[in-house]
Amino acid sequence: MKHVLVRAALCAALVLPAAAQAHKMWMVPSATVVSGDDAWVTVDAAVSNDLYYPDHFPAQLDQLAITAPDGSAVKAENPWTGKYRSTFDLPVPQKGTYRIALVNQGLFASYELEGKKQRWRGKADELKTGIPAGASDVQVSEMASRVETFVTQGKPGGDALKPTGKGLELVPVTQPNDLVTGEKATFRLLLDGKPAPNLKVVAIAGATRYRDSQDEMDTTTDADGTFAFTFPKAGMYWVNASTEDGKTSVKEAKRRRVAYTATLEVLPE
Amino acid sequence: MRRLPFFALALISAPAFAADMALTVEIPTLKVAEYHRPYVAVWIERDDHSVAANLAVWYDVKKADGEGTKWLKDMRQWWRRSGREQTMPIDGVSGATRPAGQHRLRFADGKPPLGTLAPGHYELVVEAAREVGGHETLRIPFDWPAKAPVHLGAKGEQELGQIDLDLNP
């Protein structure tokens, strides 16, 4: 009897879609809409199963890229990394929208050494030294991910959300800090600066601990890369899309996996 | 009949032509452990939610270094529709927070802050947000200008009490 149950559980785990098992990386700002000239926000960044409960792994702050409304790069204040989360503060003196991003670019490799499967991850220039000489069946893939959130002081706007042209990026049609319940919010996804059509986009409201189901919403980008959600409730939403292609930047890698995640705050009407 | 001097005539005729609105905003007395006076915004919206006139914004104007502006965004509808476009303080509109009680305001057509309101359908919106407290928004639809004196009202449940709007042609 026990065996049957264990086997059933294993089978269930195997057939679950990859996204359902994957840990979610996120940043959550203490506020997304601020007023007054000396406003600050504090941001938590972590990798976890539930939204937004840091219970697994802290985000790495060396990947942090913060852009002010005037397009300049901003340094985080009071950065700290703990057991389960990283946190930092950000003064937001400029009027307009700040883009806070964790940008991760790297390589994954699997290989066999002395009959054992091994895994490696690192940067492109570490690949040669990272994989031992005797390794066989070496498979390298590239990973480009961007995890973002936005904070607006005063009126939304500025240059921070101009696409960099690398990987998957979100372009606002509706300003990301202008979202209210019951109103359609529209965005575009770009892949390497070009419209990303036919991508599945998922949105999950935070506070998953306090409900039974994920209540995942999903949609698909149109030919122009455009997608829209009408958020039913106020709160923080985790919005995610990913895809794979062969456009790698290193010749050893055959596949590239690109992902985009945003934390968006929806306010009550 | 003796002819009135020109200036006297102007004094008499002015009110007859200027439509006006009288507004009473009640801030309820709340029995709570920690009480702060609410931030209140009063404005007029067109049917498309664009702002036709900002009538009043009560916030903590006395705090050092304009720190009171930090909480203006808590009046989140006003902030989204209009507040974030403004430079505070707004002349003749913004002022200090008010204590519990009834506050009477009067606005005349053609004069700031009401200005000249094109004939049409509008909503008067009163939004209150209180530190360590709640948030409430009341809306009173009205047609402008009134053809006869009109009395309109709305009643809040938490952060606002009775709102009375009297329109005079």
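1. Conventions. Because the model is predicted, local features need pLDDT of at least 70 and side-chain atom pairs count only at pLDDT 80 or more, whereas totals for chains, interfaces and linings use all residues. Residues are numbered from 1 along each chain as its sequence is written, chains are lettered from A in the order in which they are written, and side-chain values use heavy atoms, with hydrogens and water left out.

2. The sheet of chain B. Five strands of chain B form an open sheet of mixed pairing, in the order β4-β3-β2-β6-β7; strands here are DSSP runs (E, at least two residues) numbered from the N terminus, and two of them pair if DSSP finds at least two bridges between them. The edge strands, each pairing on one side only, are β4 (94-95) and β7 (135-144) of chain B. Strand β6 (residues 120-129) of chain B runs antiparallel to β7(B) and is joined to it by 10 bridges, and Leu124(B) stands opposite Ile140(B) in β7(B).

3. Aromatic pairs. Rings of Phe, Tyr and Trp (its six-membered ring) pair if their centres lie within 6.5 Å, with planes under 30 degrees apart counted as stacked, over 60 as edge-to-face and the rest as tilted; by this rule there are 10 aromatic pairs over all chains. The rings of Tyr122(B) and Phe142(B) are stacked, because their centres are 5.8 Å apart and their planes are at 25°. This pair links strand β6 to strand β7 of chain B, across 20 residues; Tyr122(B) is buried at a relative accessible area of 5%, and Phe142(B) is buried at 3%.

4. Cluster and charges over rings. One aromatic cluster is formed by Phe187(A), Phe227(A), Phe229(A), Phe231(A) and Tyr237(A). A charge sits over a ring if NZ of Lys or CZ of Arg is within 6 Å of the ring centre and within 35 degrees of the ring normal: Arg209(A) is placed in this way over Tyr53(A), 3.8 Å from the ring centre, and Lys24(A) over the face of Trp238(A), at 5.7 Å.

5. The interface. In chain A, 14 residues are in contact (heavy atoms within 4.5 Å) with 12 residues of chain B. The count between chain A and chain B is five salt bridges (a side-chain nitrogen of Lys or Arg within 4 Å of a carboxyl oxygen of Asp or Glu), including one between Glu269(A) and Arg81(B) at 3.0 Å, N to O.

Note on methods: Helix = DSSP H or I, 4+ residues; strand = E, 2+ residues; numbered from the N terminus. Buried < 20%, exposed > 50% of the residue type's maximum accessible area, 1.4 Å probe, protein only.
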